[in-house]
Amino acid sequence: MADLPRINDYPVGEHFEVFVLIKNAELKTDRNGNNYLAFTFQDKSGSINGMHWNVTDRDIEQFKPGAIVRLKGYRELYNGNPQARIQDMRLKRPDEAKEIADFLEDAPEPKDEMMVEFKKYLQAITNDKIQAIVRDLLNQNAQAFFDYPAAKTIHHAYPGGLAFHTLSILHLCEAVVNQYEGINQSLLYGGAILHDMAKVIEFSDPLTAEYTFQGKLIGHISLIAEKVSLTAEKLGYDQDDEAVVLLKHMVLAHHGKHEYGSPVLPQLMEAEILHHIDDLDADMNQLLKAKSQTEPGEFSQRLFAMGNRAFYRPSNEFNQR
């Protein structure tokens, strides 16, 4: 059977028939008390949401995260964002040779190449205590760190996205270190490597990225700060040691504001830098993806995490001038 087009290859209003992976399926109830399933469908072109109304008990049982389905419907806009209007869906048959890996977005850089780059940045951390803590935590989480996404939906939401996002931040950190005087490279690189590492605890698995019990009640920021304390203790460092305290501040402050989840605001130059670089990389990942799904001379879908703004993609004629 010839491969069918991908879900995001279809323009708004056009009917589709595609194989997709159910990434998330959340059972909800409408205002009339009827059950429905809110889906996130996934293939290598990205993801799209869709609602399956008036579901049966059998639908709830079979259409779970990780299931591969043949989906029929059409692409529409809801509040300015693409959505799949579901007309029919069924589980794939055994003779339809589709595997989960066929639907997952690939990290832009292979895992082995990213590992080599991480070693370079780890060696550039010249503070012995910071390097020892970061190296130990990397070793503790080596497999998961290169397999997990950086977020559930917003940015780098694919297996390997956590490592790629972190590596992108390190590239930006290196440029900033070369641009401005007086930056503590060890502290900035160490904080960058650790800032999202506890996503491997916050999320249940690399595919669905559902929140774990600890993820819901504690969150990745506090979790990694705790891991820094435990690792420092294991290595024989005092909790009041300046290197330990400053490294914990880097991860605790990296969201920049209390309302964004940071227990403390940045009070180090390096923490302020990390906060802005983290935001920049997340925003650019969203914008590049939106641009790839937008025709020249048109506006993108609205990006909820960026103030619900739509972004214009300049026409080909403008780019050629």
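Lys129 sits over the face of Tyr237, 5.8 Å from the ring centre, where such a placement requires NZ of Lys or CZ of Arg within 6 Å of the ring centre and within 35 degrees of the ring normal. This is a predicted model, in which local features need pLDDT of at least 70 and side-chain atom pairs count only at pLDDT 80 or more, while totals for chains, interfaces and linings use all residues. Residues are numbered from 1 along each chain as its sequence is written, and side-chain values use heavy atoms, with hydrogens and water left out.

**Aromatic pairs**
- Rings of Phe, Tyr and Trp (its six-membered ring) pair if their centres lie within 6.5 Å, with planes under 30 degrees apart called stacked, over 60 edge-to-face and the rest tilted; by this rule there are 10 aromatic pairs.
- One of these is the edge-to-face pair of Phe118 and Phe146, at 5.6 Å centre to centre and 85° between the planes.
- Phe118 belongs to helix H2 (residues 111-123) and Phe146 to the loop between helix H4 (142-145) and helix H5 (161-179), so this pair ties together parts 28 residues apart in sequence; helices are DSSP runs (H or I, at least four residues), numbered from the N terminus.
- Tyr121 and Tyr189 also form an edge-to-face pair, with 5.3 Å centre to centre and 85° between the planes.
- Because Tyr121 lies in helix H2 and Tyr189 in helix H6 (residues 185-194), the pair ties together parts that are 68 residues apart in sequence.

**Burial**
- Phe118 counts as buried at 3% relative accessibility, and buried means under 20% relative accessible area (1.4 Å probe, protein chains only).
- Phe146 is buried as well, at 7% relative accessibility, and both Tyr121 and Tyr189 are buried.

**Cluster**
- Phe39, Phe41 and Phe63 together make up one aromatic cluster.

How values were computed:
Helix = DSSP H or I, 4+ residues; strand = E, 2+ residues; numbered from the N terminus. Buried < 20%, exposed > 50% of the residue type's maximum accessible area, 1.4 Å probe, protein only.
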